Amino acid sequence: MQEQELAAFRRDRLGFIFQEYNLLDTLSGMLLRSSRLKNKGTNTVILRGLSGKMTVNSLLIGALATLLVFAIAMSNVAFGEKTYSDFAVEKECPYDVMALVDLSEEPGISMDEGRQIIEQYSPITAQLDFQLYSLGETTLCSNIMGYELMGWTDQFMPLSQFNQLLTGCGQEPVSLVQEYLLVTDVQGICDVDFSDKAVWLNGKNYTWAGSSMDYPDFARRLWMYFVVPDEAVAGMPVSHVCAAYTLESSRFDAMAMLKDLTYVEESQEGPEEHCDFAIQEEYRLYNHANSGTLIIGTLYVSTVFVCMALAILSIKTLSTLADERRRFAILYRLGADVRMQKSALLRQIGAFFLMPFAFPLLMTVPMGVIFGKVYEIWDFQGLSGQKAMETAAMIALVITGIYVLYFVITYRIACDHVVCYGSEKQEIEA
């Protein structure tokens with residue numbers, strides 16, 4: 001008696017862990033109490049069969065539901081990583097090719113030479129030239145700890161050029177009135193408070209308008225720069241010449257172009273390779289190579305989980321065909337024709353397949369909401385919660401399609417072995 005009570009206690013605790021299946025078990029019991037419902041057609045047989053399956057297989061169904069939840073979650077993670085990877089490429093190199101040449105150094109490849117090399121791989125359809133200006137002072141960057149060791153000086157970009165670059169990327173322009181905007185891709189620099197720092201340029205005092213990490217990296221190799229109104233840099237020496245190129249085609253050998261744009265420079269530590277050009281396609285290949293392992297591995301594991309869960313469900317259903325054959329033989333003797341038997345079998349197998357799938361399917365909604373919030377928190381330009389929901393819905397549709405395929409195959413096999421078509425067959429099976 002104590003062993004039976006202990007087994008019942010364990011079953012209850014497992015049922016508590018998988019609350020959705022407790023609910024379904026309770027629902028089937030409630031439906032069986034409805035005399036009007038259970039006496040209609042073959043409902044009694046179906047509900048009793050489902051109630052028995054729920055009691056015996058509660059742990060199995062819970063485990064399968066857990067596998068499916070993980071499969072859906074990992075699929076969302078994989079597509080989220082792909083989305084992040086694409087966004088990172090657009091942020092790190094927003095144009096097909098970007099160039100930045102420091103005029104204080106002797107360039108190994110000039111801007112004109114670089115343009116000629118680029119055109120060997122793809123014609124240039126558009127070119128945006130811009131500059132960075134500097135007085136060689138450290139009025140603003142001195143607010144950052146360790147600036148002396150890094151050799152930083154205040155670098156300024158005119159507002160009109162910054163907005164032109166933003167517009168070319170499909171982003172909204174910025175408005176500044178006697179203010180400066182700090183642009184960086186380093187969180188520690190972005191967190192520095194410049195509210196007490198003002199800079200005097202061309203007879204005007206410019207105050208801090210804020211700092212941002214959200215803008216694309218227009219000035220690669222620089223830790224930060226300050227965007228100011230155009231009149232602030234009038235007559236200021238140019239420190240860097242830059243260009244953003246849009247190419248006619250993205251189908252070219254990015255690694256070969258990078259190799260041609262790279263030059264060797266002698267230093268105290270020996271020869272070092274340098275490149276003043278950034279190639280978007282090279283960034284894409286690099287990012288996809290890094291994230292590809294995670295994406296492929298996650299999708300593979302998700303597929304294995306889904307197929308494993310469905311295979312177990314199918315095997316579990318097909319393993320009970322002998323018992324089902326006897327039940328449906330009784331139904332046949334009681335007057336259930338082939339159509340009624342198939343309908344009852346369809347509802348019974350369908351409900352058993354749906355039990356472990358209902359909760360994971362509903363999980364696609366919060367998954368989409370969560371990834372949408374992540375996009376908003378990370379301020380992904382061009383991405384929204386709607387895109388995350390669309391991705392989650394697509395994943396749910398794909399898994400549902402696989403689910404339906406397994407269900408149809410299982411149902412057709414069960415029909416061939418369970419449904420009674422005539423009295424001769426009934427006698428043989430009896």
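1. Let's start with a cysteine. Cys-190 is buried, at a relative accessible area of 17%. "Buried" here means under 20% relative accessible area, "exposed" means over 50%, and "partly exposed" is in between (1.4 Å probe, protein chains only). Cys-169, by contrast, has a relative accessible area of 26% and is partly exposed.

2. A quick word on what you're looking at. This is a predicted model, where local features need pLDDT of at least 70 and side-chain atom pairs count only at pLDDT 80 or more, while totals for chains, interfaces and linings use all residues. Residues are numbered from 1 along each chain as its sequence is written, and side-chain values use heavy atoms, with hydrogens and water left out.

3. Back to the cysteines. A disulfide is a covalent bond between the sulfur atoms of two cysteines; the rule applied here asks for a pair of cysteine sulfur atoms within 2.5 Å. How many disulfides does the structure hold? The count is zero. Take Cys-169: the nearest cysteine sulfur belongs to Cys-93 and is 9.6 Å away, and Cys-169 is in no disulfide.

4. Now find strand 1, residues 97–102. Helices (H or I, at least four residues) and strands (E, at least two) are DSSP runs, numbered from the N terminus. Strand 1 is mostly covered, with six of its six residues buried. In a regular strand the side chains alternate between the two faces of the sheet. On one side of strand 1 you'll see Val-97, Ala-99 and Val-101, and on the other Met-98, Leu-100 and Asp-102; all of them are buried, and both faces are covered.

5. Which strands pair with strand 1? Strand 8 (residues 238–247) does, in the antiparallel sense over six bridges, and so does strand 11 (residues 277–279), also antiparallel, over three bridges. Two strands pair if DSSP finds at least two bridges between them. Asp-102 stands opposite His-240 in strand 8.

6. Strand 8 deserves a look of its own. Strand 2 (residues 124–133) pairs with strand 8 too, in the antiparallel sense over nine bridges. Within that pairing, look for Leu-128, whose bridge partner in strand 8 is Ala-244. Seven of the 10 residues of strand 8 are buried, so this strand is largely enclosed by the rest of the structure.

7. On to charges. Side chains of opposite charge can pair when their charged atoms come close. A salt bridge is a side-chain nitrogen of Lys or Arg within 4 Å of a carboxyl oxygen of Asp or Glu, and by this rule there are three salt bridges. One of them joins Glu-90 and Arg-284 at 3.7 Å, N to O. Glu-90 is in helix 5 (residues 58–92) and Arg-284 in helix 11 (residues 280–318), so this pair ties together parts that are 194 residues apart in sequence.

8. Arg-284 also meets Glu-281 in a salt bridge, at 3.0 Å, N to O. Both lie in helix 11, three residues apart, about one turn of the helix. Shared partners join Glu-90, Glu-281 and Arg-284 into one network. Buried or partly exposed: which is Glu-281? Glu-281 counts as buried, at 18% relative accessibility, while Arg-284 is partly exposed at 21% and Glu-90 is partly exposed at 37%.

9. Finally, Glu-119 and Arg-115 meet in a salt bridge at 3.5 Å, N to O. These two are four residues apart in helix 6 (residues 111–119), a separation of about one helical turn.
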